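I opened my notebook to look up a few places in this structure, one entry at a time. Here is what I wrote down.

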Amino acid sequence: MSVPNYRYPIKNINASDDFLKIESYKYEPPGLNLGETDSFAQRSSDDVGYGKPTGRGTVILPMPQTIQDSNGASWGAGNMDPLQTATMGAAMGIIGAGVDVKGNPVTATANAVTKLLGKLGAASQTAIGQDLSKTFFATKASEALTGGGDFNQSLSRKTGAVLNSNTELLFNGVAPPRAFSFSFDLVPRSEAESKVIKEIILFFKKESATQKGAASAGAAGLFLKSPSVFKLQYMSGGKSHPFLHQFKMCALNSMSVNYTGSGTYATYSDATPVHMQMALSFQELTPIYREDYSNLNKPITGTGF
């Protein structure tokens, strides 16, 4: 079965122009790695090869007026005060202590605890260290009696000092998959162009809609099936754009059409609005990893992802 191909405007995009190509594909679930391999890595949509067998149609549109990408990772401030550091060091010492030279695990554990107590004892000899000890136990007593109390606030009120939080920016994980929003002005200049605009709008509505699945099978109504996914490409003539960024496979999160693009209702004789605005909001299925650049064809076309 042949798949539909649409383009707008009909006459103003040719082989030498730049344009945005959007291809729709049937979503292919990546599956799970449930111990079949020695790797902990789960399969993802990056491992699915989308191609012609699952293609559902292509739309060619003019280059958007706003073209940008945004890349990054998730970082956040992390704190670890000296007491946490010391107790963690003791715990790590106990876990990794093993046995002493005589093979005695109790002695090795005791050494780690003694080292922690030595640090705390040295700190308690200072004036602020003594205030810290008093404030700590007083705060715990307040918590037990009233259910409230803040050690750092109490210490600050009493001494004008707080524990050094050793704040540092730490890596938290990948950033959420990138999102892209596009807006297109649709102004039909002929009956044929009016028809193709209608078909493009209908195409995106259908391809972004959730599927209820079979209506009469045994599991009818039990499951929902995913909408289609989309491959986006900035094109220059018949090739990928030599400078602009690339996309991973995307979901169409939302689409909207304003049928009064000029702020007033006006139509041609066949009731086609004279000016429409279509907004498409895509989001990539997976985050960007450094290895993704290694998987691109060499030399890398454009600025990568």
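**Entry 1: backbone angles**

I began with alanine 271, in the loop between β9 and β10. This is a predicted model. I looked up phi for alanine 271 and found a value near 80 degrees, which is positive although the residue is not glycine. Is alanine 271 buried, partly exposed or exposed? Its relative accessible area is 49%. Exposed needs over 50%, so alanine 271 counts as partly exposed.

Next I checked asparagine 166. Its phi is positive too, about 50 degrees, and asparagine 166 is not a glycine either. I found asparagine 166 in the loop between α4 (151–159) and β5 (168–174). With 39% relative accessibility, asparagine 166 is partly exposed.

Then I looked for a cis peptide bond. The bond from tyrosine 8 to proline 9 is cis, and its omega is near -10 degrees. Proline 9 sits in the loop between β1 and β2.

Glycine 261 is buried, at 18% relative accessibility. The cut-off for buried is under 20%.

Tyrosine 27 was next, in the loop between β2 and β3. At 26% relative accessibility, tyrosine 27 is partly exposed. The C-alpha atoms of tyrosine 27 and glycine 55 are 9.7 Å apart, and these residues are 28 apart along the chain.

**Entry 2: the strands**

I turned to strand β3 (residues 55–62). Which strands pair with β3? Strand β1 (residues 5–7) does, in the parallel sense, over three bridges. Strand β2 (residues 18–25) does as well; β2 and β3 run antiparallel and are joined by seven bridges.

I noted some bridge partners. Asparagine 5 has threonine 58 of β3 as its partner. Glutamate 23 has threonine 58 as a partner too. Isoleucine 22 is partnered by valine 59 in β3.

I then followed β2 to another neighbour. β2 pairs with β7 over eight bridges, in the antiparallel sense. On that side, tyrosine 25 stands opposite valine 229 in β7.

How many residues of β2 are buried? Seven of its eight are, so β2 is largely enclosed by the rest of the structure. For β3 I counted six buried residues of eight, so β3 is largely enclosed as well.

**Entry 3: a helix**

I looked up helix α5 (residues 191–207). It has 17 residues. From first C-alpha to last, α5 reaches 24 Å, close to the 24 Å expected at 1.5 Å a residue. I listed its buried residues; among them are Val196, Ile197, Ile200, Ile201, Phe203 and Phe204. Glu193 and Glu207 are buried as well.

**Entry 4: aromatic rings**

How many aromatic pairs are there in the whole structure? My search gave 11. I picked out tyrosine 234 and phenylalanine 247, a tilted pair with 5.1 Å centre to centre and 50 degrees between the planes. Tyrosine 234 is in strand β7, and phenylalanine 247 is in the loop between β8 (239–240) and β9 (250–258), so the pair ties together parts 13 residues apart in sequence. I checked burial for both. Tyrosine 234 is buried at 3% relative accessible area, and phenylalanine 247 is buried at 10%.

Both rings belong to a cluster linked by ring pairs. The cluster also includes Phe203 and Phe204, which I had listed as buried in α5. Tyr6 and Phe230 are among its other members.

**Entry 5: the largest pocket**

I finished with open space. The largest pocket holds about 870 Å³. It is lined by 30 residues, and those closest to its centre are Gln246, Phe247, Lys248, Leu296 and Phe305. Which element gives the largest share of the lining? Strand β7 (residues 229–236) does, with four residues. I sorted the lining by class: 13 nonpolar, 12 polar and five charged residues.

Note on methods. Residues are numbered from 1 along each chain as its sequence is written. This is a predicted model: local features need pLDDT of at least 70, side-chain atom pairs count only at pLDDT 80 or more; totals for chains, interfaces and linings use all residues. Side-chain values use heavy atoms; hydrogens and water are left out. On a 1 Å grid over the protein atoms alone, a cavity is a set of points where a 1.4 Å probe fits but cannot get out, and a pocket is an open set with protein on both sides within 12 Å along at least five of seven lines; lining residues have an atom within 4 Å of a point. Grid points are joined across faces, edges and corners, and a volume is the space filled by probe spheres set on the points. Helices (H or I, at least four residues) and strands (E, at least two) are DSSP runs, numbered from the N terminus. Ala, Val, Leu, Ile, Met, Phe, Trp, Tyr, Cys and Pro count as nonpolar, Asp, Glu, Lys and Arg as charged, and the others, Gly among them, as polar. The expected span of a helix is 1.5 Å times one less than its number of residues. Buried means under 20% relative accessible area, exposed over 50%, partly exposed in between (1.4 Å probe, protein chains only). Two strands pair if DSSP finds at least two bridges between them. Rings of Phe, Tyr and Trp (its six-membered ring) pair if their centres lie within 6.5 Å; planes under 30 degrees apart count as stacked, over 60 as edge-to-face and the rest as tilted.
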